[in-house]
Amino acid sequence: MSESLPAASGLAKLRLMAVHAHPDDESSKGAATMARYSSEGVEVLVVTCTGGERGDILNPAMDRPEIKANIGEVRQREMAAAREILGVEQRWLGFVDSGFPEGDPVPPLPEGCFALEPLEVASEPLVRAVREFRPHVMLTYDEKGGYPHPDHVKTHEVSVEAFEAAGDPDRYPGTGEPWQPLKLYYHLTFHKERFMAEHEAMVTAGIKSPYTDLLGSWVDKPIKWEITTKVPCGDFYELRDQALLAHATQIDPEGPWFACPLDLKRAAWPTEDYHLARSLVDTELPEGDLFAGIRERVCL
């Protein structure tokens, strides 16, 4: 998983970029990881592809006419609160939420939405962001988007395109000086082993588990992406929960996200998990650090 590289960059700090489809995705996937690295002096940038304008209101307490009428502005304010909690910077790419099409037959996606943008059009602002921020590591979703929301799938596509194109001076002219990130990871947040560990911890503690039905109906499939990297970040689970709650339109504080007490979560599963999809540095798997193989190249 390595290739020959130019000399070390000599940058003063490590940089991490997390590319997400909607506001709130950054708080449900990799939030504790980002908070941990930010606390250690790593520069962390969340890139949010869309404004979440077509997202449903999932918290009954926020399901009010004035919220629905201004959902785009509300979600921007929620994102601002979440990024402050996590201690990260954040950048909007400015695309329009595609919504999640449901029905029989499934309706077409709305004209002008993110998922329908041509790949080079959708990727151009992300390539620009990569060349400006110069991340060493990028985080994104797998080719199915983690789940098959069209914006998540598109986020995967533009992230891979930007990772592969940003270092090529012949591609995307006019978007800044070339910069090649060194590692690309996929989030593996929602996997059976983690749910099972938290479920068993709650049952042992005499707490009703919200995962009973989920695990009972879980269909085991061949593992597409193995966990290569587990980042210890249990000390930052409280900040992760606070960032989630900042997205009040999307997160019900009485919902299953918060059923497992933090001390049990930390004991049962103290890591956030990833698959190393691309690497231009030598690294030994499994890893416990997204910057394994990179730290020695960067002047801290």
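# Helices, salt bridges and a buried histidine

A: In α2, the buried residues are A31, A32, T33, M34, A35, R36, Y37 and S38. Keep in mind that this is a predicted model.

Q: How many of the residues of α2 are buried in total?
A: The count is 8 of 9, so helix α2 (residues 31-39) is mostly covered.

Q: Switching to α5 and α6. At what angle do they pack?
A: About 55°. Helix α5 covers residues 119-133 and helix α6 covers residues 150-165. Their axes are 8 Å apart.

Q: What do you call that arrangement of α5 and α6?
A: Oblique. The label for roughly perpendicular starts at 65 degrees, and roughly parallel needs an angle under 35 degrees.

Q: Is the crossing of α5 and α6 left-handed or right-handed?
A: The crossing is right-handed.

Q: Which residues meet there, on the α5 and α6 sides?
A: From α5 come L119, A122, S123, L126, V127, V130 and R131. They meet K154, E157, V158, S159, E161, A162 and A165 of α6.

Q: And by class, what does the contact of α5 with α6 have?
A: It has 8 nonpolar residues, 2 polar and 4 charged.

Q: Salt bridges next. How many does a search of the whole structure find?
A: The search finds 16.

Q: How are R128 and E124 placed along the helix?
A: They are 4 residues apart in helix α5, which means a separation of about one helical turn.

Q: How accessible are R128 and E124?
A: R128 has 27% relative accessibility, so R128 counts as partly exposed. E124, at 26%, also counts as partly exposed. The cut-off for buried is under 20%.

Q: What about K183, and which residue does its side chain meet?
A: The side chain of K183 meets that of E287 in a salt bridge, again listed as 2.7 Å, N to O. This pair links distant parts of the chain, 104 residues apart. K183 is in strand β5 (residues 183-187). E287 is in the segment after β7 (271-279).

Q: Are K183 and E287 buried or exposed?
A: Both K183 and E287 are buried.

Q: And E272, which residue does it form a salt bridge with?
A: R240. The closest N and O atoms of that pair are 3.0 Å apart.

Q: Why do E272 and R240 count as they do for burial?
A: E272 counts as buried because its relative accessibility is 7%. R240 is buried too, with a relative accessible area of 11%.

Q: Which residues do salt bridges that share partners join into one network?
A: R194, E198 and K265.

Q: Last one, H187. Where is its place?
A: H187 is in strand β5.

Q: Buried or exposed, and why?
A: H187 counts as buried because its relative accessibility is 7%.

Q: Which residues does H187 touch?
A: Leaving out residues up to four places away in sequence, H187 touches H20, K29, G30, L139, T140, Y141, D273 and Y274.

Methods
Residues are numbered from 1 along each chain as its sequence is written. This is a predicted model: local features need pLDDT of at least 70, side-chain atom pairs count only at pLDDT 80 or more; totals for chains, interfaces and linings use all residues. Side-chain values use heavy atoms; hydrogens and water are left out. Axes are lines fitted to C-alpha atoms, for helices over the stretch in contact, and angles run from 0 to 180 degrees between N-to-C directions. Helices (H or I, at least four residues) and strands (E, at least two) are DSSP runs, numbered from the N terminus. Angles under 35 degrees count as roughly parallel, over 145 as roughly antiparallel, 65 to 115 as roughly perpendicular and the rest as oblique. A crossing is left-handed if the near helix is turned anticlockwise from the far one by less than a right angle, and right-handed if clockwise. Contact means heavy atoms within 4.5 Å. Ala, Val, Leu, Ile, Met, Phe, Trp, Tyr, Cys and Pro count as nonpolar, Asp, Glu, Lys and Arg as charged, and the others, Gly among them, as polar. A salt bridge is a side-chain nitrogen of Lys or Arg within 4 Å of a carboxyl oxygen of Asp or Glu. Buried means under 20% relative accessible area, exposed over 50%, partly exposed in between (1.4 Å probe, protein chains only).
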